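I opened the notebook to look up how charged side chains pair in this protein. The entries follow in the order I made them.

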Amino acid sequence: MRQILAASLVLLLAACSTEPAPAPPPQKLDYSSLGTIDLNVARVSTVSNAVQTPEQPPYIGHLLKPTLEDAVQQWVGDRIKAVGYKGYATVLINVAEVKRETLSRDKGFDAMFKRQQAEKWIGKLELAVNAEVPDDGYSGYASASVSRFITLPEDSEPYERAAAWKVMLNNMMADLNTQMQQNIQAHLRGILR
């Protein structure tokens with residue numbers, strides 16, 4: 001019995017002295033494998049209206065790297081291509097935000113022995129593509145709106161937070177890609193190549 005207690009104590013002390021894993025570096029964004037969406041316009045520009053999102057609680061998007069806006073800018077650069085000689089397309093980033101909510105937790109005796117979910121991150125993206133070819137009398141508009149959330153445990157480590165953000169960001173961008181591709185094909189057929 002003494003040996004079991006001694007072994008348990010050694011394991012407990014070893015577990016307490018283990019340093020948490022550091023946060024991984026921010027993920028690299030690359031959507032080029034998805035192919036391009038070729039628009040028969042002379043230029044594509046991006047305008048962000050999302051910079052008006054407050055950089056104070058409950059908003060935390062500016063603290064997460066890469067930001068939602070970084071991901072959208074990379075997606076536009078990798079996917080939306082101008083292949084024509086006249087007209088233009090403007091990609092509008094209308095909303096790119098992440099909010100943090102505190103979750104209620106059990107306070108009972110059992111709560112001391114389990115790690116509870118303590119916060120929820122809620123992300124929202126709204127994107128639109130407005131295309132104009134005035135010489136041809138063409139005007140078109142396509143948009144998408146996506147949102148996702150993820151919860152984090154109490155006292156989450158930097159690596160847990162980085163991993164949660166990676167999952168949430170990748171899921172949001174996959175949703176955005178699917179919606180925008182469908183809506184561009186449905187609403188901007190007149191300038192698709």
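Entry 1. I began with arginine 100, which has 32% relative accessibility and therefore counts as partly exposed. The model I am reading is a predicted one.

Entry 2. I looked for a partner of arginine 100 and found glutamate 119, with which it forms a salt bridge. The closest N and O atoms of this pair are 3.7 Å apart. I then checked where the two residues sit.

Entry 3. Is glutamate 119 buried or exposed? I read 13% relative accessibility for glutamate 119, so I noted it as buried. The cut-off for buried is under 20%.

Entry 4. I checked glutamate 119 for another partner and found arginine 161. The closest N and O atoms in this salt bridge are 3.2 Å apart. Arginine 161 belongs to helix α3, residues 158–187, while glutamate 119 belongs to strand β5, so this pair ties together parts 42 residues apart in sequence. Arginine 161 has a relative accessible area of 23% and is therefore partly exposed. I wrote down that Arg100, Glu119 and Arg161 form one network, joined by salt bridges that share partners. As a reminder to myself, side chains of opposite charge can pair when their charged atoms come close.

Entry 5. I searched the whole structure and counted five salt bridges. One of them is between aspartate 136 and lysine 86, with the closest N and O atoms 2.9 Å apart. Which parts of the chain does this pair link? Aspartate 136 is in the loop between β5 (117–133) and β6 (138–153), and lysine 86 is in the loop between β3 (80–82) and β4 (88–102). The two are 50 residues apart, and I noted that the pair links distant parts of the chain. Lysine 86 has 37% relative accessibility, so I listed it as partly exposed.

Entry 6. I stepped back to the whole protein. I counted three helices and six strands, and from the N terminus I read their order as α-β-β-α-β-β-β-β-α. Of the contacts with a separation of 6 or more, 80% are between residues 24 or more positions apart.

Entry 7. I finished with the surface. Buried residues are 35% of the 193 in the protein. The accessible surface is about 11,700 Å², and carbon and sulfur atoms hold 52% of it.

Note on methods:
Residues are numbered from 1 along each chain as its sequence is written. This is a predicted model: local features need pLDDT of at least 70, side-chain atom pairs count only at pLDDT 80 or more; totals for chains, interfaces and linings use all residues. Side-chain values use heavy atoms; hydrogens and water are left out. Helices (H or I, at least four residues) and strands (E, at least two) are DSSP runs, numbered from the N terminus. Buried means under 20% relative accessible area, exposed over 50%, partly exposed in between (1.4 Å probe, protein chains only). Contact means heavy atoms within 4.5 Å. Accessible areas come from the Shrake-Rupley method with a 1.4 Å probe; for residues, only the protein chains shown count as cover. A salt bridge is a side-chain nitrogen of Lys or Arg within 4 Å of a carboxyl oxygen of Asp or Glu.
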